[in-house]
Amino acid sequence: MTKITSIAVAAAAVLGLTACNNAGYKKTASGLMYKIVKQGSGPQVKIGEVLKINYVQKINDSVLADSYKTMAVYAQADSVGAIYQPNEIFRLLHKGDSVVILQFADSILAKMPMAGGSILKKGDKLYLNFKVEDIMANEEAVRADREKEMNAIGDKQVSAIEAKLKSKGINNAQKTGKGTFVVIQNPGEGASIDSGKYVSVRYTGKLFDTDKEFENNRGAEKPAFGFTIGQHQVINGWDEGLRLLKKGGKATLYIPGFLAYGPQPGPGGKPFESLVFDVDVEDVADKAPAPKAAPQFEMPHAHDSAAAKAKK
């Protein structure tokens with residue numbers, strides 16, 4: 001389960017409002033300051049239940065993260081001690097509550113010297129401004145809700161790719177079952193790509209939103225990238241998009257973020273980043289090549305040296 005505390009504390013960033021004075025804040029045993037900006041009308045969370053939370057993350061006046069632009073997170077309400085972390089107050093909340101948590105960098109660094117990383121310095125104020133969207137009884141409910149959220153994100157990203165292709169006048173893109181779009185320049189004439197096949201690929205990767213290149217392995221000095229199809233060794237968009245090609249094939253893959261790195265930061269540093277790859281299939285084999293054996297060197301034995309001397 002993704003805990004909001006891992007986002008707010010481990011990344012040394014917390015969410016919140018631009019301006020702050022201490023009026024109206026309550027204080028926990030650890031000194032954590034919080035304010036319920038708007039009281040929700042739903043039930044109070046029970047220990048063991050899970051809060052669904054949307055948030056905005058800020059350090060001083062700088063926004064670091066905004067789940068409203070990506071996806072809500074889920075955090076369990078537990079009985080925790082005076083730990084100076086946001087989950088210290090989770091068990092006090094109700095469905096619909098809007099809350100601000102204020103943390104001081106000086107206190108965080110005193111309690112956890114390594115918590116700030118490179119972005120937290122003395123004098124900083126960290127804010128966590130969040131809303132309890134829902135309360136869920138168990139992991140099964142969380143999984144169902146997360147799947148629903150992911151489907152909504154996927155639909156939005158697929159629509160964005162369709163719109164971009166239309167704006168570029170690209171009308172020959174093939175859509176795979178899950179949502180990767182493949183524009184084929186050359187389908188190839190060699191072996192087909194399917195589950196279990198070992199594929200070697202040359203590629204250029206770009207961010208969908210900006211067309212900025214982030215990686216490529218073209219050029220004789222760089223090896224082709226090899227992997228086995230269907231073994232979860234690459235992002236889903238590659239695994240399904242390349243199946244439309246054969247050895248020698250060339251195509252452009254438009255991959256929605258949920259089929260790339262999902263909620264994890266992508267090459268551009270943001271979650272749910274949609275990506276574009278120009279790919280050339282260099283080879284398709286039935287299985288991965290055997291690893292090259294290291295050269296074997298046999299040291300001479302002592303009796304060999306003695307025998308050699310005796311022959312002289």
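The largest nonpolar core holds 26 residues, and L51, I53, I89, F90, L93, I101 and F130 have the most contacts inside it. A nonpolar core here is a set of buried Ala, Val, Leu, Ile, Met, Phe, Trp, Tyr and Cys residues joined through side-chain atoms within 4.5 Å. At least two residues of this core come from each of β3 (50–59), β5 (73–76), β6 (98–104), α2 (105–111) and β7 (125–136). The top contributor is β7, with five residues. Helices (H or I, at least four residues) and strands (E, at least two) are DSSP runs, numbered from the N terminus.

This is a predicted model: local features need pLDDT of at least 70, side-chain atom pairs count only at pLDDT 80 or more, and totals for chains, interfaces and linings use all residues. Residues are numbered from 1 along each chain as its sequence is written, and side-chain values use heavy atoms, with hydrogens and water left out.

Look next at L93. Not counting residues up to four places away in sequence, L93 touches I36, P43, Q44, V45, L51, V99, F130 and V132. Contact means heavy atoms within 4.5 Å. A second, separate core has 24 residues, including V182, L207, I229 and V279.

Now the whole protein. It has five helices and 14 strands. Of its 312 residues, 42% are buried. Buried means under 20% relative accessible area, exposed over 50%, and partly exposed in between (1.4 Å probe, protein chains only). Among contacts with a separation of 6 or more, 70% join residues 24 or more positions apart. The protein exposes about 17000 Å², and carbon and sulfur atoms supply 51% of that area. Accessible areas come from the Shrake-Rupley method with a 1.4 Å probe; for residues, only the protein chains shown count as cover.

Then the second largest pocket. Its space is about 160 Å³. Y203, F214, E215, F225, V234, I235, W238, Y261, P267 and F277 line this pocket. By class, the lining has nine nonpolar, no polar and one charged residues. Ala, Val, Leu, Ile, Met, Phe, Trp, Tyr, Cys and Pro count as nonpolar, Asp, Glu, Lys and Arg as charged, and the others, Gly among them, as polar. On a 1 Å grid over the protein atoms alone, a pocket is an open set of points where a 1.4 Å probe fits, with protein on both sides within 12 Å along at least five of seven lines; lining residues have an atom within 4 Å of a point. The volume is the space filled by probe spheres set on the points.

Turn to the backbone. Most residues other than glycine have a negative phi. Y84 is not a glycine, yet has a positive phi of about 55°. Y84 sits in the loop between β5 and β6. Y84 counts as buried because its relative accessibility is 2%. H232, also not a glycine, has a positive phi of about 55°. H232 lies in the loop between β12 (225–228) and α4 (236–241). With a relative accessible area of 69%, H232 is exposed.

Strand β12 contains T228. At 14% relative accessibility, T228 is buried. Leaving aside neighbours within four places in sequence, T228 contacts G196, K197, Y198 and Q233.

Finish at G177, in the loop between β8 (174–175) and β9 (181–186). G177 is exposed, at 84% relative accessible area. G177 and E240 are 63 residues apart in sequence, and their C-alpha atoms are 8.2 Å apart in space.
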